[in-house]
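Student: I would like to work through this protein model step by step. May we begin with its overall build and then turn to single residues?

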Amino acid sequence: MAWLDRRRWWAREGLPALRILAIEHWDPEGVYDDPLHADAYDPYLERLGRMLRRGKSVDELAAYLSEVRTRAFRRYPNEESDRAFAERVAAWYSLEAPTG
């Protein structure tokens, strides 16, 4: 699959689906009930998407999510939540991302 096709998938399907997953299953900022801030995680999800495309491990994804939680959002660590979300995202990506 061409780079452009993957980029289109990401813009049309990938990022929106990952945004919903983040809000429903991770949400360190508590934006679940605030539709005006539904895109609050997008810059971090863009990087997470690049990490997924590059085949990063669940451990690497979880470490990144933990860094976002504690450094960017200045929240208390929650390694269990970050790990669980990393596992969910890796599984989602393996099933949904276009191949080729």
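Student: How many helices and how many strands does the protein chain have?
Tutor: This is a predicted model. From the N terminus on, the elements run α-α-α-α. The count for the protein chain is therefore 0 strands and 4 helices.

Student: What radius of gyration does the protein chain have, and what would a compact globule have?
Tutor: A compact globule with 100 residues would have a radius of gyration near 13 Å. The value for the protein chain agrees with this, as it is 13 Å. Along the principal axes, the C-alpha trace spans about 40 × 30 × 20 Å.

Student: What percentage of the residues of the protein chain count as buried?
Tutor: A residue is buried when its relative accessible area is under 20%. Of the 100 residues in the protein chain, the share that counts as buried is 36%.

Student: How many positive and negative side chains are there, and how far apart do the centres of the two sets lie?
Tutor: The protein chain carries 16 positive side chains and 18 negative ones. Between the centres of these two sets, the distance is 7 Å.

Student: Where is Asp33, and is Asp33 buried or exposed?
Tutor: Asp33 sits in the loop that lies between α1 (3-25) and α2 (42-53). A residue counts as exposed when its relative accessible area is over 50%. Asp33 has 68% relative accessibility, and therefore Asp33 counts as exposed.

Student: What span should helix α3 have, and how far apart are its end C-alpha atoms?
Tutor: Helix α3 covers residues 58-72, which are 15 residues. At 1.5 Å a residue, helix α3 should span 21 Å. The distance between its end C-alpha atoms agrees with this, being 20 Å.

Student: Which elements do the buried residues of α3 pack against?
Tutor: The buried residues of α3 are Leu61, Ala62, Tyr64, Leu65, Ser66, Val68 and Arg69. An α-helix has 3.6 residues a turn, so residues three or four places apart point the same way. The buried residues of α3 pack against α2 and α4 (79-96).

Student: Why is Ala63 classed as partly exposed?
Tutor: Ala63 belongs to helix α3. The partly exposed class lies between the buried limit of 20% and the exposed limit of 50%. Ala63 falls in this class because its relative accessible area is 46%.

Student: Which residue just after α3 takes a positive phi?
Tutor: The residue in question has a phi of about 55 degrees. Its place is just after α3, and its name is Arg74.

Conventions:
Residues are numbered from 1 along each chain as its sequence is written. This is a predicted model: local features need pLDDT of at least 70, side-chain atom pairs count only at pLDDT 80 or more; totals for chains, interfaces and linings use all residues. Side-chain values use heavy atoms; hydrogens and water are left out. Helices (H or I, at least four residues) and strands (E, at least two) are DSSP runs, numbered from the N terminus. The radius of gyration is taken over C-alpha atoms; the globule rule is 2.2 Å times the number of residues to the power 0.38. Buried means under 20% relative accessible area, exposed over 50%, partly exposed in between (1.4 Å probe, protein chains only). Lys and Arg count as positive and Asp and Glu as negative; His and the chain ends are not counted. The place of a charge is taken as NZ of Lys, CZ of Arg, CG of Asp or CD of Glu. The expected span of a helix is 1.5 Å times one less than its number of residues. Contact means heavy atoms within 4.5 Å.
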